[in-house]
Amino acid sequence: MAIVELRNLTKSYRKNRGIIDVSFSIEEGEVFGFIGPNGAGKSTTIRTLLNFIYPTSGSATIFGKNIIKHSQEIRQNIGYLPSEIHYYDDMKVVDLLKYSARFHKKFSAERMKELASRLDLDVNRKIEDLSFGNRKKVGIVQALLHEPKLIILDEPTSGLDPLIQNHFFDLLKEERDNGATIFFSSHILSEVQKMCDRVAIIKDGKLVTVETIEHLTKNKVKNITLTLEHPEQLHFELNGMIKKEVNGNAVTLLYSGDIKALLKRLNDLPVQDVLIEEPTLEEVFMHYYE
Ligand SMILES: Nc1ncnc2c1ncn2[C@@H]1O[C@H](COP(=O)(O)OP(=O)(O)OP(=O)(O)O)[C@@H](O)[C@H]1O
């Protein structure tokens, strides 16, 4: 059974388009990524699913139940991390977590301690004394505390340092292994690639595609900047080169091919410097849909 199913879900905000005709489904036990540039409609989709805002048309179900009619019941089994978190600033973390756990009628001090320690969060501090990243951790603990069947995370990693991000991904994997389904949005392709089974790509409010990560990574694209000794050495050919832009002694390539073949070819070139980067989403989209 699909845990989440959207059928032509549309939400417009007066003049602004929010999302248009979005349809996809998430199966039980999947880690499902939702990716798109800023303003693409990720938060709108998530907030509509949680019944914080009403769809203009279309429908959706979670656990097979209508998101509007059964929203309270549905939310009992969801852990949600919003993209922006606002708390009662003068509360201690531990009190806030206890308080919010009451809505789910499930609180385990042991689980709270375990989650907080995995994320290196001090629950005895006041919210107002926490940095942005530490507030994010409070949100993550809050979302996972009641062992929800469905975990929905809106941009969970922004503000977390790389070490904590890894701990966080480990935590999510354990939740998945214990049977949870995970839906998380991001604008960073590489983290979605690391974690997810499938991804939905959204752009300008419309769903572009739903793909398995396997399929996306087969089309792995890299941005490579080479600095060569002389400008005339910039005129070389390379299998898998999609785009080439020359700037002085430097050349930037969009490359989609075997990394080993690339390294071999670089070995023959008088390279002074090399930079290999993740392409922007726009570049991936362009490559992907050309
Ligand atoms: N409350 C609102 N009122 C009017 N327009 C809105 C509102 N919320 C979102 N929008 C518009 O809906 C579109 C989608 O925004 P949304 O916040 O869902 O994107 P997003 O993919 O979550 O982006 P981000 O990564 O920047 O959070 C944007 O054009 C945005 O301007």
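In this predicted model, strand β3, which covers residues 31-35, runs parallel to strand β8 and is joined to it by five bridges. Within this pairing, F32 has F183 of β8 as its bridge partner. Strand β8 is also paired with β7, made up of residues 150-154, again in the parallel sense and over five bridges, and here L150 stands opposite T181 of β8. To pass from β7 to β8 the chain goes through helix α6, residues 162-177, in a β-α-β crossover that is right-handed.

How many of the six residues of β8 are buried? Six of the six residues in this strand, which spans residues 181-186, are buried, and β8 is therefore largely enclosed by the rest of the structure; the cut-off behind this reasoning is that a residue counts as buried when 20 or more other C-beta atoms lie within 10 Å of its own. In a regular strand the side chains alternate between the two faces of the sheet. In β8, T181, F183 and S185 point one way, while I182, F184 and S186 point the other way, and all of these residues are buried.

Around this strand, the protein chain as a whole has 10 helices and 14 strands, and its C-alpha trace spans about 70 × 45 × 35 Å along the principal axes. Of its 290 residues, 33% count as buried. When contacts between residues at least 6 apart in sequence are considered, 69% of them join residues that are at least 24 apart; the pairing of β3, at residues 31-35, with β8 can be viewed alongside that figure.

Terms used:
Residues are numbered from 1 along each chain as its sequence is written. This is a predicted model: local features need pLDDT of at least 70, side-chain atom pairs count only at pLDDT 80 or more; totals for chains, interfaces and linings use all residues. Helices (H or I, at least four residues) and strands (E, at least two) are DSSP runs, numbered from the N terminus. A residue is buried if 20 or more other C-beta atoms lie within 10 Å of its own, exposed if 12 or fewer, and partly exposed in between; C-beta atoms are placed from the backbone. Two residues are in contact if their C-beta atoms, placed from the backbone, lie within 7 Å. Two strands pair if DSSP finds at least two bridges between them. A crossover is right-handed if, with the strands pointing away from the viewer, the path from the first strand over the helix to the second runs clockwise.
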